Amino acid sequence: MNDPLETLFRRDRAAIVATLARRLRDLDLAEDALQEALTRAAARWPVDGVPDRPGAWLTVVAWRWALDRRRRHALLPLDEALEYPAPASADEVPPLTVEDDKLALILACCHPALQAESRIALTLRHVAGLDDGEIAAAFLTSRPAMTKRLVRARRKLRDSGASFTLPTSEELAPRLASVRDVIASVFTEGHLASGDKPAIRAELCQEALWLARQLHDLTPQDAETTGLLALILTHIARLPGREDHGRLIPFAEQDIGLWDHDSLTEARALLSRTGRGALGPYQLQAAIAAVQTFAAFERRPVPWLHVARLYAILAERSPSPVVEVNRAVAVGRAESPLAGLLVLDAVAADPRIATYVPFHAARADLLERAGQRDAARAAWTRARDACVNSAQRAEVDRRVALLA
Amino acid sequence: MQYLLLCTNNPDAWNDPGPAAGDGVYDDWDAYTKAMADAGVLVSGAGLHTPEVATTVSVRDGERVLLDGPFMEAKEHIIGVYLIEVPDLDAALAWAAAIPNARTGKTEVRPVRPELTTEATLARA
């Protein structure tokens, strides 16, 4: 980040942007206004001292600048701007914890009317506070391309009249689902490490965790959000054991001593609050991760039959080839390698699976255990061809060498 | 804010089995139109003849050119339009999703530029 003041406010900025965006109904203008306020703060605060409520100061200055900009550009009839009169002083600005505004901002950034990639980009930019360059690097694209995407997305929100208020209770459920999927995508991107940028990967995982916590704080009764947070915590706990000298270590071989105990404890506590009624996909995934993780952590054998059954329920709830691959692995352990191979065969024709490394790796592993070494070797080759980073490739190479 | 709902239909999709009951989609266009009017969101609208009876008009090199048919040849075509006035995008999307052929057709929701409504234009004249 360029500006030290901006770094200081990176987490709090979401609340300020949310307050401004709701009233201006224009995320672009809100961001520009905040930027203007930060510039003025950088000039004034070293001289006048930092105000008691810096967030409120920034909000007021930004708000006044934005209204003035609007008047001068005559973008909207004046009476619409007056609908939300500018606070006269910083004392009149409601405290920064405007939960409704923050949730509304997250919901707006994750609006289903936007492309999935745009939702992720907007959320990272305006909620998590990353800058265009950081987001571009994380998603292996150029900074100008990412800026263009963000500008287009903000324009769509503004010109299509997306509001930055909370939707009705009927609309809230699908909108929250969209937010969860965005957060999960951010985490997956960080966790999978596509491309070779380990430093950014870890940061993305932490951003996803922070976003999940924000959402959980704003909607504490929502079991699916609790599930998502537990899922992310479980995976983050295992991160230290996941890579060693540039090789991706499989779950079964990880050094449990490296796992983060505190995150696991928190995940367990969160999970104990879910599980009432029909389980949604994130609660299911969290349960699956927990069953495996805690068995390993407590040095018990993994109850693979239980895991396989949970995957079967997940497959019914939200079917996908990825779920089937994971289910195949579990079935391969619970029943037999051949049984697992049958599950894989059923999805082999899906075009999405062709470049999915875990499919080929699972297949190769099952074929090996079924005694079909030549077929296994061919499958490892296909896995290697599909690898997107060197850590994955290193693990595949190790398995091929063992097979020889 | 005003939105134009461009209701389209694809004749191929029309052969789908009938929709399941009770998911908020109106049974027919009359009921739908009346619901919009009752809700106070309807500005205007109309159902259209099919594209075969359309004529496309342009002027090129000073000459008026007429084409027998719609401006774009496609199976999917516009069957009707609604101009609605609602508070925000979500409200417009909700109405679009309630259209009688929502399960087989598609509806484009296009925001109207507030300064370019005919009302605003005429007010400036």
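How many residue pairs are in polar contact between chain A and chain B, both residues being at pLDDT 80 or more? The count is six. The points below concern a predicted model and begin with this interface.

1. Extent of the interface. The size of an interface is often given as the accessible area lost when the parts come together. Chain A and chain B bury about 690 Å² between them, and 51% of that area lies on carbon and sulfur atoms. On the side of chain A, 10 residues take part in the contact; on the side of chain B, eight residues do.

2. Polar and charged features of the interface. Six residue pairs are in polar contact between the two chains, with both partners at pLDDT 80 or more. The side of chain A that touches chain B consists of four charged, four polar and two nonpolar residues. One salt bridge is found across this interface. A:Arg175 and B:Asp90 form a salt bridge, with their closest N and O atoms 3.0 Å apart.

3. Two helices of chain A. Two packed helices are described by the angle between their axes and the distance between the axes. In chain A, helix α6 spans residues 99-109 and helix α10 spans residues 169-192. Their axes come within 9 Å and cross at roughly 70°. Because angles of 65 to 115 degrees count as roughly perpendicular, α6(A) is described as roughly perpendicular to α10(A).

4. Residues where these helices meet. From α6(A), the residues involved are A:Leu103, A:Ile106, A:Leu107 and A:Ala108. From α10(A), they are A:Leu172, A:Arg175, A:Leu176 and A:Val179. Seven residues of this contact are nonpolar, one is charged and none is polar. A:Arg175 deserves attention from the reader: this residue belongs to the contact between α6(A) and α10(A), and A:Arg175 also forms the salt bridge with B:Asp90.

5. Organisation of chain B. Chain B contains six strands and three helices. Along the sequence, their order is β-α-β-β-β-β-α-β-α. The C-alpha atoms of chain B fill a box of roughly 55 × 40 × 20 Å, taken along the principal axes.

6. B:Asp61 lies in the loop between β3 (55-60) and β4 (63-68) of chain B.

Methods
Residues are numbered from 1 along each chain as its sequence is written. Chains are lettered from A and ligands numbered from 1 in the order in which they are written. This is a predicted model: local features need pLDDT of at least 70, side-chain atom pairs count only at pLDDT 80 or more; totals for chains, interfaces and linings use all residues. Side-chain values use heavy atoms; hydrogens and water are left out. Contact means heavy atoms within 4.5 Å. Buried area is the accessible area (1.4 Å probe) that two parts lose on being put together, summed over both. A salt bridge is a side-chain nitrogen of Lys or Arg within 4 Å of a carboxyl oxygen of Asp or Glu. A polar contact is a pair of N or O atoms within 3.5 Å; within protein, one must be able to donate a hydrogen and the other to accept it, and residues adjacent in sequence count only if both atoms are side-chain atoms. Ala, Val, Leu, Ile, Met, Phe, Trp, Tyr, Cys and Pro count as nonpolar, Asp, Glu, Lys and Arg as charged, and the others, Gly among them, as polar. Axes are lines fitted to C-alpha atoms, for helices over the stretch in contact, and angles run from 0 to 180 degrees between N-to-C directions. Helices (H or I, at least four residues) and strands (E, at least two) are DSSP runs, numbered from the N terminus. Angles under 35 degrees count as roughly parallel, over 145 as roughly antiparallel, 65 to 115 as roughly perpendicular and the rest as oblique.
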